[in-house]
Amino acid sequence: AAAAALMIHAGTFAQKYYTKSGSINFDVTSPSSPEKVAGVSRTATCVMDAATGAIQFAVLMKGFSFERALMEEHFNENYVESSKFPKAEFKGSITNNDAVLYSKDGTYNVKVKGKLTIHGETKEVETGGKLVIQGSKIAATAEFTVLLADYNISVPGIVSDKVSKVAKIGVSCSLEPLKN
């Protein structure tokens, strides 16, 4: 009976999860800015392997929307150069994956580490996140900050009072089992 229970647990555990409607938002509003400088995309893809903790995100830069069309234009043409660098991606893993019981509903605090590529530049990032497991679905969230200069994104002096040199990034995904 113990072997059968182990087989069931391993079968549930060795599962890949996926979404193509993940939400990624970023905020580069300077403390002195009279208006919010932020964008959001709800079309990020994410694949997560429960067996290994491997996790990967990708988002098209042109998929970010802004409150003002002019901000969107500047973002795509001047800052991230979307035509040259069409997507941003993260490849990494949940470093404490063994602490997550994928077969048991609950909230799990996780640590994520990997490589983030934006604007053709790749840097190591590490942050905390949360997995909420409910039935066969996983809600994954994380927040972290990056220095724009690390990704070769410069802020012109003319807008330095509005645009921060640090981006606050939030990720939120509702993952479902990937059908083989």
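What covers the buried residues of H2? Keep that in mind as you start. The model on your screen is predicted.

**Stop 1: helix H2**

Select residues 69-79, which form helix H2. Show the side chains of Met71, Phe75, Asn76 and Tyr79, which are buried. Now look down the axis of H2: the buried residues fall within an arc of 125°, so they line one face of the helix. An α-helix has 3.6 residues a turn, so residues three or four places apart point the same way.

Next, turn to the face of H2 that points away from its buried side. Ala69 and Glu77 are there, and they are exposed.

Back to the opening question. The cover over the buried residues of H2 includes strand S1 (16-29), strand S4 (65-66) and strand S9 (163-177). Select these strands and see how they sit against the helix.

Glu81 takes a positive phi of about 45°.

**Stop 2**

Select strand S3 (residues 54-60) and strand S5 (residues 87-94). They pair in the antiparallel sense over seven bridges. Find Leu60; its bridge partner in S5 is Lys87.

Pick Ile94, and look in S6 for its bridge partner, Val112.

**Stop 3: Val125**

Move to strand S7 (residues 121-134) and select Val125. Is Val125 buried or exposed? Val125 is buried, because its relative accessible area of 14% is under the 20% cut-off.

Which residues does Val125 touch, leaving aside neighbours within four places in sequence? Val125 is in contact with Phe90, Val112, Lys113, Gly114, Leu116, Val146 and Tyr151.

Then draw a distance from Val125 to Phe57. They are 68 residues apart along the chain, and their C-alpha atoms are separated by 13 Å.

**Stop 4: strand S8 and its partners**

Follow S7 into S8. The two strands form a hairpin with two residues between them. In the turn, Gly135 has a positive phi of about 65°. S7 and S8 pair in the antiparallel sense over six bridges. Val132 stands opposite Ala139 in S8.

Now select strand S8, residues 137-147. Its covered face carries Ile138, Ala140, Ala142, Phe144 and Val146. Its uncovered face carries Lys137, Ala139, Thr141, Glu143, Thr145 and Leu147. In a regular strand the side chains alternate between the two faces of the sheet.

Finish with S9. Ten bridges join S8 to S9, and the two run antiparallel. Select Thr145, then its bridge partner in S9, Lys168.

Conventions
Residues are numbered from 1 along each chain as its sequence is written. This is a predicted model: local features need pLDDT of at least 70, side-chain atom pairs count only at pLDDT 80 or more; totals for chains, interfaces and linings use all residues. Side-chain values use heavy atoms; hydrogens and water are left out. Buried means under 20% relative accessible area, exposed over 50%, partly exposed in between (1.4 Å probe, protein chains only). Helices (H or I, at least four residues) and strands (E, at least two) are DSSP runs, numbered from the N terminus. The arc is that of the directions from the helix axis to the C-beta atoms. Contact means heavy atoms within 4.5 Å. Two strands pair if DSSP finds at least two bridges between them.
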